[in-house]
Amino acid sequence: MISEPNITVFYSYGVHFLRTARALRQRHEAAAITAFVPKDFPEELLSSLNIRCLPLLPNPSQKRSLKHVATILRAIRGMRPDVFIVLFDSPKLRTLAALSGAGERLCYHPDGRITPMRWSFAGSLARSFMQAFRGRLRYTYIWCHVHFTRVDRSMVQKPSISDLDFSDTDQDTGV
């Protein structure tokens, strides 16, 4: 007999958190589901779904410290999740999922897609560095194009006074 997995959901400030929680409960009726939520999150929203809340995340207005991140990571690893679920595919959440110790890491997207997050910690860092490198390379290309592309002077003309149309002005002269 296959036992139900221990599932952990990491709250993100997105519109699809409750939709994801409902879908998880429908798909895994007997599973132990734990949600890491902000401290001011209304837990009664998840109590009807029989989802345990751990209010460890800071509220949007609170500062985030490295010590707090370490506490959250210790709590996640202490849960020993079989499945770790995040709501967005960002470098930070990808790294958190890789460090969670879960055997299966998934991303539930706002449009309803479910994708596996197969990135290891090293892979997450490598992908983040590659995206940053590509962004800087693209910026350098655009900067060089703007600063070093010659413009034909005949294509650029100064507007003469006869080219300007003063009939549609914001200021009314009253005449």
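Colleague: In which sense do strand S5 (residues 104-108) and S6 pair, and over how many bridges?

Modeller: In this predicted model, S5 and S6 pair in the antiparallel sense over 3 bridges. Strands count as paired from at least two bridges, and S5 and S6 have 3.

Colleague: What makes strand S3 (52-57) and strand S6 (114-116) edge strands?

Modeller: The open sheet of 6 strands runs in the order S3-S2-S1-S4-S5-S6, with mixed pairing. S3 and S6 each have a single partner strand, so one side of each lacks a neighbour in the sheet. On average, neighbouring strands of this sheet are turned by 25° against each other, direction ignored.

Colleague: Which strands does helix H3 (residues 66-79) lie across?

Modeller: Helix H3 lies across strand S1 (6-10), strand S2 (32-38), S3 and strand S4 (83-86), and runs at about 155° to S3. Helix H4 (residues 91-99) also packs on the sheet, where it touches S1, S4 and S5. The direction of H4 makes about 170° with that of S4.

Colleague: How many aromatic pairs are there, and why is the pair of Phe 10 and Phe 84 called tilted?

Modeller: The count comes to 6 aromatic pairs. The ring centres of Phe 10 and Phe 84 are 6.3 Å apart, and the cut-off for a pair is 6.5 Å. Their planes stand at 40°; stacked requires under 30 degrees and edge-to-face over 60, so this pair is tilted. It links distant parts of the chain, with Phe 10 in strand S1 and Phe 84 in strand S4, 74 residues apart.

Colleague: Why are Phe 10 and Phe 84 called buried?

Modeller: Buried means under 20% relative accessible area. Phe 10 has 10% and Phe 84 has 0%, so Phe 10 and Phe 84 are buried.

Colleague: What makes the pair of Phe 17 and Phe 41 edge-to-face?

Modeller: The planes of the Phe 17 and Phe 41 rings stand at 90°, and edge-to-face needs over 60, so the name applies. Their centres are 5.6 Å apart. Phe 17 lies in helix H1 (residues 17-27), and Phe 41 in the loop between S2 and helix H2 (44-47), so the pair ties together parts 24 residues apart in sequence.

Colleague: Are Phe 17 and Phe 41 buried or exposed?

Modeller: With the limit for buried at under 20%, Phe 17 at 3% is buried, and Phe 41 at 12% counts as buried. Ring pairs link Phe 17 and Phe 41 with Tyr 11 and Tyr 13 into a cluster.

How values were computed: Residues are numbered from 1 along each chain as its sequence is written. This is a predicted model: local features need pLDDT of at least 70, side-chain atom pairs count only at pLDDT 80 or more; totals for chains, interfaces and linings use all residues. Side-chain values use heavy atoms; hydrogens and water are left out. Helices (H or I, at least four residues) and strands (E, at least two) are DSSP runs, numbered from the N terminus. Axes are lines fitted to C-alpha atoms, for helices over the stretch in contact, and angles run from 0 to 180 degrees between N-to-C directions. Contact means heavy atoms within 4.5 Å. Buried means under 20% relative accessible area, exposed over 50%, partly exposed in between (1.4 Å probe, protein chains only).
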